[in-house]
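Colleague: I have a few questions about how the labels in this model were assigned. Could we go through them together?
Modeller: Gladly, let's take them one by one.

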2 protein chains.
Amino acid sequence: MNPKIDNFDQKILSLLQQDARMSHAEIGRQVHLSQPAVSERIKRLEAAEVIRGYRADVNPKALGYQITAMIRLSTQQGRPYAQYVASCPEIIDCYTVTGEDGAVMRVLATDVEHLQRIINELNAFGSTSTAIVLTTHVAGKTITAPVQEGS
Amino acid sequence: MNPKIDNFDQKILSLLQQDARMSHAEIGRQVHLSQPAVSERIKRLEAAEVIRGYRADVNPKALGYQITAMIRLSTQQGRPYAQYVASCPEIIDCYTVTGEDGAVMRVLATDVEHLQRIINELNAFGSTSTAIVLTTHVAGKTITAPVQEGS
DNA sequence: GTTGAAACAGAAGTGCT
DNA sequence: AGCACTTCTGTTTCAAC
């Protein structure tokens, strides 16, 4: 792990994950550091790509997506689903994973008919297994530095 | 779907998902709207909870997490894993889903030993199925309003 | 690391079309 | 609804400590 991430950086990262638009002065107040010190640390974290960027968290339901589903795709010898995944706006996450399921993706749909259409399209690349999300316990939990085992 | 989301709002949401710290004036330039008009629309979108918040995108690898895994948990008659999930910093997403897998979660681990420890803890709540993420095709793709079928 | 000042950029409020 | 203008807040950079 990056040894340059101290407790101040850790706290700053935590605050920025909760609210990316928090002012550096306000962060300084909460971590007991001056505003220029906070700005400098954030600049370092951005340069080191610890902070990849800042994103607005948009509520899919407010846009009309009533359904979130997790779809597992078992591809037959590496069919080129990557291009479809990239071009399909309903697929918002897609990971290639170990095991018999080649890919796991998170999909948004307005209704079950919409979901059915997406599944049909994905079936061109392999067999799918779909699980509709009932409740979201946590999504995008704040990432903290791992606790050291032997420190 | 929310009928008040027009093309301007759609474009603003897209820009803010790419960069939450983009200034309202810069957004205005790109959507051909004045800064106050953009500010007012963003305020509306925030009030309507279309925009839930703004989050820094932190790179797990930069913090020392070398492994991302998708773990499926088949719980036996609703064991109380929710509390564990909330308290475990390595579990960053957790959804209850339909089907035999009661829950699907995304987990960060520093190494395979670390992952093994998390799996062991989760096994207290049911049987687990773990898939290690090999590649991330897309993560947190920009959400766009659904295309209308009959419009 | 800190404070303080100056220059600049961005956000919010006002009035008008 | 929209824009132009002003004001206030926040950020950045600089100095000196």
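Colleague: Why is A:R52 called partly exposed?
Modeller: This is a predicted model, and in it A:R52 has 45% relative accessibility. Buried would need under 20% and exposed over 50%, so A:R52 counts as partly exposed.

Colleague: What makes A:R52 and B:D57 a salt bridge?
Modeller: The closest N and O atoms of the two residues are 3.2 Å apart. The cut-off is 4 Å between a side-chain nitrogen of Lys or Arg and a carboxyl oxygen of Asp or Glu, so the pair qualifies. B:D57 belongs to strand 1 (residues 51-58) of chain B and A:R52 to strand 1 (residues 51-58) of chain A, so this bridge joins two chains.

Colleague: How many salt bridges are there over all chains?
Modeller: There are 14. One of them is formed by the side chains of A:D9 and A:R44, at 3.2 Å from N to O. A:D9 sits in helix 1 (residues 7-18) of chain A, and A:R44 in helix 3 (residues 35-47) of chain A, so the pair ties together parts 35 residues apart in sequence.

Colleague: Are A:D9 and A:R44 buried or partly exposed, and how do you know?
Modeller: They get separate labels. A:D9 has a relative accessible area of 0%, which is under 20%, so A:D9 is buried. A:R44 has 37%, between the limits of 20% and 50%, and therefore counts as partly exposed. Both residues also belong to a network of salt bridges that links A:D6, A:D9, A:R41 and A:R44.

Colleague: Which residue does B:D9 meet in a salt bridge?
Modeller: The partner of B:D9 is B:R41, with 3.0 Å from N to O. That distance is within 4 Å, so the label holds. B:R41 lies in helix 3 (residues 35-47) of chain B and B:D9 in helix 1 (residues 7-18) of chain B, 32 residues apart. Both B:R41 and B:D9 are buried.

Colleague: Let's finish with A:T96. Why is A:T96 called buried?
Modeller: Its relative accessibility is 17%, and the limit is under 20%, so A:T96 counts as buried. A:T96 is part of strand 3 (residues 91-97) of chain A. Leaving aside residues up to four places away in sequence, A:T96 touches residues including A:Y81, A:G102, B:I132 and B:L134.

Colleague: What makes the link between A:T96 and B:H137 a polar contact?
Modeller: Their side chains are joined at 3.3 Å.

Key
Residues numbered from 1 in each chain as written. Chains lettered and ligands numbered in written order. Predicted model: local features only at pLDDT ≥ 70, side-chain atom pairs only at ≥ 80, totals over all residues. Heavy atoms only, no water. Helix = DSSP H or I, 4+ residues; strand = E, 2+ residues; numbered from the N terminus. Buried < 20%, exposed > 50% of the residue type's maximum accessible area, 1.4 Å probe, protein only. Polar contact = N/O pair within 3.5 Å; in protein donor to acceptor, adjacent residues only side chain to side chain. Contact = heavy atoms within 4.5 Å.
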